[in-house]
Amino acid sequence: MTSTEQEIRRGAPARAGAPRTAPARTGARRPSAPAADRTATRPSTARTRPAEASAAKPARVRRPMSRKQRAPFVLLVVGLLCGGLISLLLLNTVLNRDSFTQNTLREETAQLQRENEALRQANAKKEQPAQLARDAELQGEKWDPTVGSIEVGQDR
């Protein structure tokens, strides 16, 4: 199957004729016809066409960039990369320092919460009636069963 048949199957528009290819150029030139033959087959015109005029001008050869032109751009790119790297390192350092501070504060908070809970438990033990009676005896107080009792039915 030729390329034209493939293009027709894909829905590409049909081309007129077979594909044209330029002959391969080699270093050797073809023998040219005598000057008289050339003028007979092709009449010369005094004016040149715009296409021929542009073809007559030599094509501009693009020269590679010199080192002088390339150096500022390379320095700019390297400078930007270094600046970005330094800013990332500083940002990372600040975040790590804040992380250490945060961990220290969490540890201190946990320790203070444990101490607070221990103090609450100790206070709850001291407020129990049995513990209050023991503490009162240690201070020399005695229990009087008549104190705080009300006798009903007696007139005074």
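**Reading a predicted helical chain**

Of the 156 residues in the chain, 1% are buried. This is a predicted model, in which local features need pLDDT of at least 70, side-chain atom pairs count only at pLDDT 80 or more, and totals for chains, interfaces and linings use all residues. Residues are numbered from 1 along each chain as its sequence is written, and side-chain values use heavy atoms, with hydrogens and water left out.

User: Why is Leu81 called exposed?

Analyst: Buried means under 20% relative accessible area, exposed over 50%, and partly exposed in between (1.4 Å probe, protein chains only). Leu81 has a relative accessible area of 60%, and is therefore exposed. Leu81 is found in helix α4, residues 67–126.

User: What makes up the secondary structure of the chain?

Analyst: Helices (H or I, at least four residues) and strands (E, at least two) are DSSP runs, numbered from the N terminus. By that rule the chain has five helices and zero strands, in the order α-α-α-α-α.

User: What does UniProt list for residues 73–95, and how much of the span is helix?

Analyst: The unreviewed UniProt entry lists "transmembrane region" for them; such positions are in the numbering used here, feature names are shortened, and annotations may be inferred rather than shown by experiment. In the model, the span is 100% helix and 0% strand, and its end C-alpha atoms lie 33 Å apart.
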